[in-house]
Amino acid sequence: MTLDLAHYPILAKADTPDLLRKLPQDQLKQCADELREYLLSCVSKSSGHFASGLGTVELTVALHYVYNTPFDRLLWDVGHQAYPHKILTGRRERMTTIRQKDGLHPFPWPPESEYDTFAVGHSSTSISSALGMAVAADKEGLGRKVVAVIGDGAMTAGMAFEALNHGGDIDKDLVVVLNDNEMSISENVGALNSHLARLLTGNFFNSIRDGGKKLLSNVPPIKEFASRAEEHIKGMVVPGTIFEELGFNYIGPIDGHDVDGVVDTLRNMRSIKGPQILHVVTKKGKGYELAEKDPIKFHAVPKFNPMDDELPKSAPCGPTFSKIFGDWLCDMAAMDPKLMAVTPAMREGSGMVKFSQTYPDQYFDVAIAEQHSVTFAAGLAKDGLNPVVAIYSTFLQRAYDQLIHDVALQNLPVLFAIDRAGIVGADGPTHQGAFDIPFLRCIPNMIIMTPADENECRQMLFTGHKLDQPAAVRYPRGTGSGVEAVKVMKSLELGKSRRLRDGKKTAILNFGTLLPFAQEAADELNATLIDMRFVKPLDTQVLAELVEDHDLLVSLEDGAIMGGAGSAVGEYLLSRKHNSQLLQIGLPDQFIMQGTQQQMYAELGLDAQGIVKKVTSFLN
């Protein structure tokens, strides 16, 4: 997108932070206003994360103005709010390509820019990585500064506090900017966050402190009493005390949309030694009324017309797998009062809004705390409740030890509804659900199901919920093949596949929602088609039958080949000394970049044409 110099006269002078720093400070407000307008124009044309970036415009301008980036390290937590950062760091003209195949990466990405100092996509990693860089800067001795920007939602994760605890202990120069917009993707929850949301503005304490000091400043005995009262009140109600107890100097709160105030504060903080917390209050969706009113809806947007009163409606299509899960959850709760649904801050994404409203006493959003969500569910299961953990594939990675140690080791009946399994599309490598089959398959007691369509997903969720052991149902982002989810639910026989087509010489073993591609390929190859359904336990009976009259078995999965479902088939063949050949088709041993699901299926040879080509090449 070419910049209209007449429309953005100040922003045009700030294509890089070096150029931004040449502007007089009294032009920064106009620069921020133009940056916000440019962001709106870009995202409305490209789609992408939106409301978070609108809220960090002034903060981004101030950070790059005060700090000598990229020499000084600037780290963004998660990266949803880093679009203004990308615009100011030489990527302005490419912003309309963000999240698209071969376009700008959706999050900060070091290979893309030296200003992106650390790759991010998952929440609450910024303080830990920044602390490591602060130690390196101290060893280097060149005066390098390190700044981490973290949202109040991300601050609900235990990892953030682990990093704060360590940072206060080792006392290195580090600035942590707490961007408090009172809103993560879903509403922030948890006692700590409620405390922050009520008190971070500090109005109550500040009014008593400032007013009381003025009134009593000339009365020495009372002045001493007031000082002690201030310390007492501060200990009770001011969140800065939390950080100061951890060894950080707390400064704030300040208005995050007052660019001059933020610049002056940051400039003053450069000379302060040791770990610092700057608390900045911002508004998510700032400057665009619709996003301010509904920041959840405008967290990530499709292409839209900024002049319209609402986002465009998506074309009519079948229900998403997330909705299939949400509907099942409500139906199951109506039958099972012991069902307890748990999510780590992904109510909307996981399709749980209706359930949370209909069954509030059976719904638990534990905030951005994946480890806690799994062990919390284990505790529920241990004492007779029936927990369902709704979690994205890549977020479950963050709770792997808890999955093994707290759930599987005790063989507790926790059902994992794993959303965003396989290729997710525009969110790219940090969010591709590539690894859940390999990391689940090696855990004893786990049942792993791969539904091929909407009805299979519903029936497998029911099956897993009724089991007396841990189970996982993995399903992708988006819609299925249009199969109607049958209202009546029945438990499936564990480890039992479906034979969908009889063919000759070649048998395709499908695991999951790539089934339509497998069906088309099987027709062209005259191959037998088996929908395997289960990765664990594997249907070894059908495998034993297939090897008797097929020369080639082809496993197909929307997940990593290494250690995946195809590997399970290969292990069985080796254990029985079968001579049949095996071709494994799935995600290669690399991180998959952004692009639409269909684009990536085609590029990786997972569509029908790719399957036929791989099989034909293998046979020849």
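These legends accompany several close-up views of one predicted model.

Residue numbers start from 1 along each chain as its sequence is written, and side-chain values use heavy atoms, with hydrogens and water left out. Because the model is predicted, local features need pLDDT of at least 70 and side-chain atom pairs count only at pLDDT 80 or more, while totals for chains, interfaces and linings use all residues.

**View 1**
Let us start with the overall picture. Helices (H or I, at least four residues) and strands (E, at least two) are DSSP runs, numbered from the N terminus. Of the 620 residues, 57% count as buried; here buried means under 20% relative accessible area, exposed means over 50%, and partly exposed lies in between, with a 1.4 Å probe and protein chains only. Contacts are heavy atoms within 4.5 Å. Taking contacts between residues at least 6 apart in sequence, 75% join residues at least 24 apart. The chain exposes about 25,400 Å², and carbon and sulfur atoms supply 52% of that area. Accessible areas come from the Shrake-Rupley method with a 1.4 Å probe, and for residues only the protein chains shown count as cover.

**View 2**

**View 3. Helix H16 packed with helix H18.**
Two packed helices are described by the angle between their axes and the distance between the axes. Here H16 (residues 370–382) and H18 (residues 400–408) pack at an angle of about 10°, and their axes are 9 Å apart. That angle makes H16 roughly parallel to H18. Axes are lines fitted to C-alpha atoms, for helices over the stretch in contact, and angles run from 0 to 180 degrees between N-to-C directions. Angles under 35 degrees count as roughly parallel, over 145 as roughly antiparallel, 65 to 115 as roughly perpendicular and the rest as oblique. On the H16 side, look for Gln371, Val374, Thr375 and Ala378, which meet Gln402, Leu403, Asp406 and Val407 of H18. The residues of this contact between H16 and H18 divide into 4 nonpolar, 3 polar and 1 charged. In this grouping Ala, Val, Leu, Ile, Met, Phe, Trp, Tyr, Cys and Pro count as nonpolar, Asp, Glu, Lys and Arg as charged, and the others, Gly among them, as polar.

**View 4. Backbone details at Pro70, Pro537, Asp102 and Ala345.**
Most residues other than glycine have a negative phi, and most peptide bonds are trans. Thr69 and Pro70 are joined by a cis peptide bond with omega about 5°, and Pro70 lies in the loop between helix H4 (57–66) and strand E2 (73–76). A cis bond also joins Lys536 and Pro537, with omega about 0°; Pro537 sits in the loop between strand E17 (534–536) and helix H22 (540–549). Asp102, not a glycine, has a positive phi of about 65°. You will find Asp102 in the loop between helix H5 (83–91) and helix H6 (126–140), where Asp102 counts as exposed at 67% relative accessibility. Ala345 is not a glycine either and has a positive phi of about 70°. The loop that holds Ala345 runs between strand E8 (339–343) and helix H15 (353–358), and Ala345 is buried, with a relative accessible area of 6%.

**View 5. The surroundings of Ile272, Ser555 and Glu34.**
Ile272 belongs to the loop between helix H12 (259–269) and strand E6 (275–281) and is partly exposed at 31% relative accessibility. Beyond its neighbours within four places in sequence, Ile272 is in contact with Asn249 and Ile251. Ile272 and Val175 are 97 residues apart in sequence, with their C-alpha atoms 9.6 Å apart in space. Ser555 lies in strand E18 (residues 550–560) and counts as buried at 0% relative accessibility. Leaving aside neighbours within four places in sequence, the contacts of Ser555 include Leu509, Phe511 and Gly566. Glu34, in helix H2 (residues 28–46), is buried at 5% relative accessibility. Which residues does Glu34 touch, not counting residues up to four places away in sequence? They are His7, Tyr8, Pro9, Ile10 and Leu11.
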